[in-house]
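Please read the points below alongside the sequence and the coordinates.

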Amino acid sequence: MDVDTDVIVVGAGPTGLLLACELALAGVRTLVVERRTGPQQDSRALTLHPRSLELMDLRGLAPRFLGLGRTLPGWHFAALDTPLDFAALDSRQAHTLFLAQARTEELLAQRAHELGVEIRRGHALTGLRQSEDGVEAEVRGPDDGPAGAPRTLRAAYLVGCDGARSAVREAAGIGFPGTDETLTGVLGDFAAVTAGPEDLAAARGAGVLAVPLEGGLTRFVYIDPERMRTPARVPVTLEEFRGALVRICGSDFGVDRPRWLSRFGNATRLAAAYRSGRVLLAGDAAHIHFPAAGQGLNTGLQDAMNLGWKLAAEVNGWAPPGLLDTYHAERHPVGRAVTENTQVQTLLAELPLVDRYRGPAAALRGLFEELLRMPEVNRRFAEQVSALGTVYPATAPGADPLVGRRMPDIALGAAGSVATRAYELLHRGGFVLLRLAGARNPHPHPYEAPGRYPQLSAVTAHGHEEHPELDGVREILIRPDGHIAWATRSDDADERRTGRDAALTAWTSPTGAPCPS
């Protein structure tokens, strides 16, 4: 098929924009179409959790985000009083960044522009057709008029990052099984309040999320026991909001001049497949759930990072057979885990509001509080919510325990490189073969991988930060998304060479376009 672009990304939210950046970084022609006529203005999601910040760090973007937001050393699980201790996790980004979604989108759109991505706003997908060699997307733009025929755009692949009511998912015929809405919460951002820090703390003590935002706004989020069955489609009024705050907190805190009022529900769904031929899904198009612990946006960003390099490999001709199918294989279980843990958190928040469950629900929450005070339990929950604990399954028998895990961002003394830590080696978005020289291996056997594999760089670290997981490791093959594809602790050069070649064959190919410098 003659194509207008290599990949069409439908949706210019955080997921779609990061995916477009990843594709463009790998030299893939990418077009983003977005039905909204302008950038997001509402604050919406407010959190970037540790793994998402690590993803930005992998591409050298973390300072842009950290410079605009506020870091928090932990987060919550089911709004329990005992926080999840992110600061105890093994990461240079062991914190949540409090940053409005509008800012996140602004920064990613800026990066997409730097990489030459075209974003067409005011363009809505109205249909698609796919064949063995491409996708035709029908798109209606602002100049086409309601009666005009939509334009047809052709691409090798199309990715739906277009949210919970995804037109791409529907047009591709991908099922979206799950549970319908049974509970709703309410959110409001206000330009005027009379509440001070002590008042906001009192609101939080009553079970209301109350936080100051940038631009002088204050956000309140609550579940009203008297109206928690009100459908999400019913608009929220200022009078309703004030009345609920009075009932829950004893004061309405003088909320006025609402910038944004919204009702949101606990419908929970997971796409039956993240791929159908040449059409793929990411972000809310693939999974929706109650916004417990702020995981939705973060899961979408992590979808995009996993998919980006694999789709680029397909387009650029260096993907081994089955590589693109590993996107569903790796990310669908993550989506399931997130939808399940948000359902647990929602239940823990809902039960105390139901009269007949109030007593046992309080005891259940108390039990969870007690568990979270145990460091090993807290760490387990923190790793799940932060996504630092995400491990993809190993594809080869007898793989090192590191395989599938995220690469620790260790400090390096790397020969021929200005990099001072591992994540700096991944800024270009390619594979990295990192060889850790040490007392037992001061002069690693030369390996001319970059000549055969243009998408790979080989780096020897003659000194590196000690890390318990890396004890005895001689070589590590790091994927573009920062997860480990292969590792060896063998001192035998032939054994290392055999394992290395098998890993490269499984994950990449000696043909294809080089990664941009």
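1. Buried residues make up 54% of the 517 residues in the chain. This is a predicted model, and every value in these notes should be read with that in mind. The accessible surface of the chain comes to about 21,600 Å², and carbon and sulfur atoms account for 52% of that area.

2. On overall dimensions, a compact globule of 517 residues would have a radius of gyration near 24 Å, and the chain agrees with this because its own value is 24 Å. Along the principal axes, the C-alpha atoms fill a box of roughly 70 × 60 × 40 Å.

3. The secondary structure comprises 13 helices and 25 strands. Of the contacts in the chain with a separation of 6 or more, 72% are between residues 24 or more positions apart.

4. As to charge, the chain carries 54 positive and 62 negative side chains, and the centres of these two sets lie 2 Å apart. A search of the whole structure finds 38 salt bridges, and the next points take up some of them individually.

5. The side chains of Glu54 and Arg51 meet in a salt bridge, with an N to O distance of 2.6 Å. Both residues belong to helix 2, which spans residues 50–58, and they are three residues apart, about one turn of the helix. Are these two residues buried or exposed? Glu54 is buried, and Arg51 is buried as well.

6. A salt bridge also joins Asp224 and Arg247, whose closest N and O atoms are 2.3 Å apart. Asp224 sits in the loop between strand 15 (218–222) and helix 7 (238–249), whereas Arg247 lies in helix 7, so the pair ties together parts that are 23 residues apart in sequence. The two partners can be described separately in terms of accessibility: Asp224 has a relative accessible area of 3% and is therefore buried, while Arg247, at 41%, is partly exposed.

7. Asp409 and Arg421 are likewise joined by a salt bridge between their side chains, at 2.6 Å from N to O. Asp409 is in the loop between helix 11 (375–386) and strand 21 (412–414), and Arg421 is in the loop between strand 21 and strand 22 (431–436), so the pair ties together parts that are twelve residues apart in sequence. Both Asp409 and Arg421 are buried. Which residues are linked with this pair in a network of salt bridges? The network links Asp409 and Arg421 with Asp57, Arg92, Glu424 and Glu465.

8. Thr346 is placed in helix 9, which runs over residues 325–350. Its relative accessibility is 5%, and Thr346 therefore counts as buried. When neighbours within four places in sequence are left aside, Thr346 is in contact with Leu183, Asn266 and Phe290.

9. Apart from neighbours within four places in sequence, Val221 is in contact with Val186, Leu187, Gly207, Val208, Leu209 and Phe264. As for Asp501, 280 residues away from Val221 along the chain, the C-alpha atoms of the two residues are separated by 53 Å.

10. Gly205 lies in helix 6, which covers residues 197–205, and with a relative accessible area of 70% Gly205 is exposed. Gly205 and Thr342 are 137 residues apart along the chain, and their C-alpha atoms are separated by 21 Å. Gly173 is found in the loop between helix 5 (167–172) and strand 12 (178–179), and at 63% relative accessibility Gly173 counts as exposed. How far apart in space are Gly173 and Ser276, C-alpha to C-alpha? The distance between Gly173 and Ser276 is 8.5 Å, although the two are 103 residues apart in sequence.

Terms used. Residues numbered from 1 in each chain as written. Predicted model: local features only at pLDDT ≥ 70, side-chain atom pairs only at ≥ 80, totals over all residues. Heavy atoms only, no water. Helix = DSSP H or I, 4+ residues; strand = E, 2+ residues; numbered from the N terminus. Rg over C-alpha atoms; globule rule 2.2 N^0.38 Å. Buried < 20%, exposed > 50% of the residue type's maximum accessible area, 1.4 Å probe, protein only. Contact = heavy atoms within 4.5 Å. Areas by Shrake-Rupley, 256 points an atom, 1.4 Å probe, with all protein chains shown as cover. Lys, Arg positive; Asp, Glu negative; His and termini not counted. Charge placed at Lys NZ, Arg CZ, Asp CG, Glu CD. Salt bridge = Lys/Arg side-chain N within 4 Å of Asp/Glu carboxyl O.
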